[in-house]
Amino acid sequence: MEQTTIDLTGVVKRFGAVHALDGVTLGIGPGVTGLLGPNGAGKTTMMRIAATVLAPDGGTVRLLDRDPTDADDRVEIRRRLGYLPQEPGFYQRFTAFEFVDYVAILKEMSDRRSRHEEVRRVLEIAGLGDVANRKVKALSGGMRRRLAFAQALLRDPGLLLLDEPTAGLDPEQRLRFRELVSNLPNRPAVLLSTHVTEDVTALCERVIVVAGGTVRFDGSTDALSATAQGRVWVAEAADARAVLSWRMGDGRHRHIGDPPAGAELTTPTVDDAYLLMVGGARDGREMAA
Amino acid sequence: MSGSADRSRGSVVPALARVEGWQLVSHPVFLAGVGVAVLGCAMFVRAIVAGTAVSWEENGWTAAIGVLLLGILTLVATNLAALRDRRSNTTEQHTSLPILRPVRTSGLLAATLWPAGVAALLMAAVAGVGATQDLAPSGFEVVHLVEIVVSVLLLGAIGIALAVWVPNPFVAPVVAWVLLFVTPGETPAAWHSLIPWQTLGAIDLAAWHLAYLCGLTAVVALIALAKTSRPRTIAAPMVVAIAVVVASAAVLLDGACPAEGLCRF
């Protein structure tokens, strides 16, 4: 397996006057990497470039050690790619089995018997074996999300791109999703774009924070939490000097920012660090691992 | 591209055709067409069994109109199938897959054999009833049956070509409506033989009309493929298909004098 599955160097993507990505440079290898960032940060643009459905305006991209601008390489990348887009679509008249079977054909699985075995396998992994013959339009939102996940798992991809896979899932389904991702066979490179910091903490060996089209942080979840060390405190009353503060269940207030002298500091979480970083980004401040 | 990859993509077309074909013939729009076609064929069969069917030209129009409607609704169904990604918001996720658009279009074009097969079964049933009753009306030959089946293929290909070039779901129903209601008028004329859903009584002319239909179907299919294929892949077959259309059209225009049994179908 390649050391670096996604390799971006100075990648730029503009939509009109908006710089969705502004000189992004990073390398992603095997294991689960989380991509955190606020709405409009450039996460989905990065995912779409990695999925070969969008070409950058500048910089270089290498995926699975191949060049996606070369037509033959692009096809080879797509053979080893699994992609769950942010808003997956479905053929409503198809059954769950027929839909995944159709995607399997588009993944060049022409032999009917082995294809059907593979379709049954990924439906079982996604916990949809019992509803394989149910029409897509009759599936619940959570089941459809898992169906989209199942199609991304076809042929054991070397690179799995999951764009907000837990959006709209209830807590039980989210936990089940974590179980699915952590038990994937052959340990593919997984890039998980999400707003849910708990998913990142639970699943990711590495986290990348993107804001304003640039990478604000790249490191482990522990290192991300550590960036907020000494900048999170609790107090009986709200403090206007905090970048962010909220009232907790016990009636006290948790603050993020530059603490006043003598403040009661507390252990920061990934949430704290992320909120501070995004707030800091808005203020023009940079943070590093 | 490696040879094995090319072979792999080639073998995807039959797999796609099987899946798309099943989806086409189980589509409600197509099933409505089957209902109308069965009704039209049943009326003709009834006339055959009752011994009142004199000739294909005189009495076969109910079956012919029924199958024409089947073809028209096949056009709508193939158009909807070709626009499925757009309607289902699956364009992005399917773009990330290795099979390219021309292969998918080829699979869908091959899938039109399924509706054409249904039309063939219907027409064969009509012919079969005629044969078993020994009351087969005159003027009904195998070539006419094949012409009708190829007409369904042509209409299916038109639906796909429309989706490729004008990807709007409202276009196909309008085109279907126009095809259904634009008729050449009551006064016979030689150019009427160029209308695809026209059967010609004389066997030799019917054979030329069949060649014309096959050429036309190939031209439409290649037009559907042209948008996303390499021009050099399309050019040679397109030249051959156009040559067949032009040559057969010339013979038809020369030979299909109204007195020689031109029959609007």
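Guide: In this predicted model, 20 residues of chain B are in contact with 25 residues of chain A.

Visitor: What makes two residues count as in contact?

Guide: Their C-beta atoms, placed from the backbone, must lie within 7 Å. On the side of chain B that touches chain A, the elements giving two or more residues are α1 (3–25), α5 (84–88) and α6 (91–95) of chain B. The largest share, seven residues, comes from α1(B). By type, that side of chain B divides into eight nonpolar, nine polar and three charged residues.

Visitor: Why is T52(A) called buried?

Guide: A residue is buried if 20 or more other C-beta atoms lie within 10 Å of its own. T52(A) has 23 C-beta neighbours inside 10 Å, so T52(A) counts as buried. T52(A) sits in the loop between α1 (43–50) and β4 of chain A, and its phi is near 65°, a positive value in a residue other than glycine.

Visitor: Why is D65(A) called partly exposed?

Guide: Exposed requires 12 or fewer such atoms and buried requires 20 or more, with partly exposed in between. D65(A) has 15 other C-beta atoms within 10 Å, and is therefore partly exposed. D65(A) lies in the loop between β4 and α2 (71–79) of chain A. D65(A) is not a glycine, yet has a positive phi of about 65°.

Visitor: How do you know that β1 and β4 of chain A pair?

Guide: Pairing needs at least two bridges between the strands. Five bridges join β1 (residues 6–15) of chain A to β4(A), and the two run antiparallel. In β4(A), G58(A) is the bridge partner of V12(A).

Note on methods
Residues numbered from 1 in each chain as written. Chains lettered and ligands numbered in written order. Predicted model: local features only at pLDDT ≥ 70, side-chain atom pairs only at ≥ 80, totals over all residues. Helix = DSSP H or I, 4+ residues; strand = E, 2+ residues; numbered from the N terminus. Nonpolar A, V, L, I, M, F, W, Y, C, P; charged D, E, K, R; others polar.
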